Amino acid sequence: MKKLVLAVLCAMVAVGAQAQKPLTDIQVREPGYKVFQFPRNMIPRIDGEFSDWDIVPDSYIVSMDQMWDDSGKHEGLDKSSMDIKVKVGWVEGLNRLYFYYEAYDNYWDFDQLGLRNDTFEIVVDADLSGGPHVDEFRINQDAMSRLEAFFKLQNVHAQNYHIFTPPTEGKSWTMAWGPQQWLKELPYANYAYDYSFKHGESGKLRFEFYITPFDYASPDGGPAASTESKLYVGKKIGLCWAVIDYDGGPGNNGFWNLSKHHQMYGIANEECLFTLEPLEARFRKPIEAGWSHQVIKDTRTVAFRDESWGNVTSWLWDFGDGTTSTEQNPIHTYAEDNARYVVTLYVKGPAGESRLCKVWDVSVMDPTDPNWRPY
Ligand SMILES: [Ca+2]
Ligand SMILES: [Ca+2]
Ligand SMILES: [Ca+2]
C-alpha cells in the first residue's frame, strides 16, 4: 500500500511542474484525533516542566504508531531511530493550540544554522478551508510565479511551522513558513524545551509550545489585519505533523508523516481531523449555572441564553427589576433604562442546584423613548 502511494506520488512528480495534483483524495475525515480541553485554572505553563500535562489521559496521545515514513527509507516503524508522542490541548476562550512533544532519537542532528535540523513540522487549518497554502502548490501556475505566491498566499489560510528539535544555540526556535513572522512570537506562540544531549548523541527531548491558528494571517498587514481562528467546544480543525529525522548522513533518514499524503505540508485538505473536546466531567461540579445575554441595540429588550452544565430540569431567572421567568431562554423587555441590573439564574436538577449572579453586566437604554432618563 505504501509502495503504491509512493509510486503514485513519484509518477505525479514525473509529470512535471505544470501538472496539478487533483485535490480529490481528502484526508481530513472522521474519526480523527482529540484535542484535550484544559480547565482555565490548569492552563499549561510554557516553562520546560511538564507535570501540567499529566492530567491529559493517554487516550489523547498521538504516537509514532499512527505515522509512516513517506520517504521510503523505512519499511514500517523503526522506533530505534525515531519515536514520538504528542498531546494536543486547548483552553476555552483562548484561540491557542497547546502541544506536548516527546521524542527519542538515536542521533540528534542540530549543529547547523539552516533548515537541516531534526524537525517537528506542523500544519494547521483551523477553519477547514482546505486548499494550497504553500507557493509551489498555487493553482494558477502560469499566471503567478512562486515568489508572488509566497507573498500572497503562503501561510495565509493555513499555517506551516518547521520547529527545530532542538534549535542549536543562537537559532530561532521555528521557521514559520510564510511572510507573517509575527506568528512565532508572543502572544501568538511560545515554547520551552528540555533535553540534555549534545549534537550527534541519542536521547530524549521534551518540548511544550503553543501556536495561534489563523483563518486569515495577513501576508503584509500584521496581526491587526488578520483573523484568529475561533476555537470552541466541538469544533473540528485540520491539523497534521511530520518528523523530519536527520541522523548525520547526507539527506534525511525519514519523513515520518501523520497524514497519508506527503503534500500535507502545503495542501490543507491533506491534513488530519482533530476535534476540540469538552471539559471532562471530573473538572466540573455535577451542575453549574451559566448564562450569557445579548441586548437588542438601542432597546430595552434582552435575549438571555442558558449555558448551564449538567442535567438541568428547572430554571428561574431573576431579572433584577422585580420580575422573574421560568423559561430556559427568556427574552425580557425592561421598563426602565438602567445600567445597574443584577441578574441571577437559578437552576435545579437531580444532582442538585446552582446559581449564577452577574452584577451590572446587563445594561439597557432606549434613546428613542422621550421619557428616558439617565440614572
Ligand atoms: Ca509546563
Ligand atoms: Ca533517528
Ligand atoms: Ca535525528
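Strand E16 and strand E17, the latter spanning residues 301–306, pair in the antiparallel sense over 5 bridges. Within this pairing, Gln 294 stands opposite Ala 303 in E17. The model described here is a predicted one.

E16 and E17 belong to an open sheet of 3 strands, in the order E16-E17-E20 and with antiparallel pairing. Its edge strands are E16 (291–295) and E20 (331–333), each of which pairs on one side only. From one strand to the next, the twist averages 25°. In general, the strands of a sheet pair through backbone hydrogen bonds, and the pairing may be parallel or antiparallel.

Another open sheet has 4 strands in the order E19-E18-E21-E22, again with antiparallel pairing. Here strand E19 (324–325) and strand E22 (352–364) are the edge strands, and each pairs on one side only. Strand E21, made of residues 338–349, pairs with E22 in the antiparallel sense over 10 bridges. Val 347 stands opposite Ser 354 in E22.

### Domains

The domain assignment of the protein chain gives two entries: domain 1, covering 2–13 + 27–276, and domain 2, covering 285–364. Taken over C-alpha atoms, the centres of domain 1 and domain 2 are separated by 42 Å.

### Nonpolar cores

The largest nonpolar core holds 68 residues. Those touching the most other members are Val 88, Leu 97, Phe 99, Tyr 101, Val 124 and Ala 242. Strand E13 (residues 236–244) gives the most to this core, contributing 7 residues. For Val 88, leaving aside its neighbours within four places in sequence, the contacts are Val 35, Phe 36, Leu 97, Tyr 98, Phe 99 and Phe 274.

Pro 166 lies in the loop between strand E7 (159–164) and strand E8 (174–176). Pro 187 is in the loop between E8 and strand E9 (190–194). Leu 128 is found in the loop between strand E6 (119–125) and helix H2 (146–153), while Asn 155 lies in the loop between H2 and E7.

A residue is buried if 20 or more other C-beta atoms lie within 10 Å of its own, and exposed if 12 or fewer do. Asn 155 has 23 C-beta neighbours inside 10 Å and therefore counts as buried. Leu 128 has 16 other C-beta atoms within 10 Å, so Leu 128 is partly exposed.

Methods: Residues numbered from 1 in each chain as written. Chains lettered and ligands numbered in written order. Predicted model: local features only at pLDDT ≥ 70, side-chain atom pairs only at ≥ 80, totals over all residues. Pairing = 2+ DSSP bridges. Helix = DSSP H or I, 4+ residues; strand = E, 2+ residues; numbered from the N terminus. Domains from an automatic or database assignment. Axes fitted to C-alpha atoms, helices over the stretch in contact; angles between N-to-C directions. Core = buried A, V, L, I, M, F, W, Y, C linked by C-beta atoms within 7 Å. Contact = placed C-beta atoms within 7 Å.
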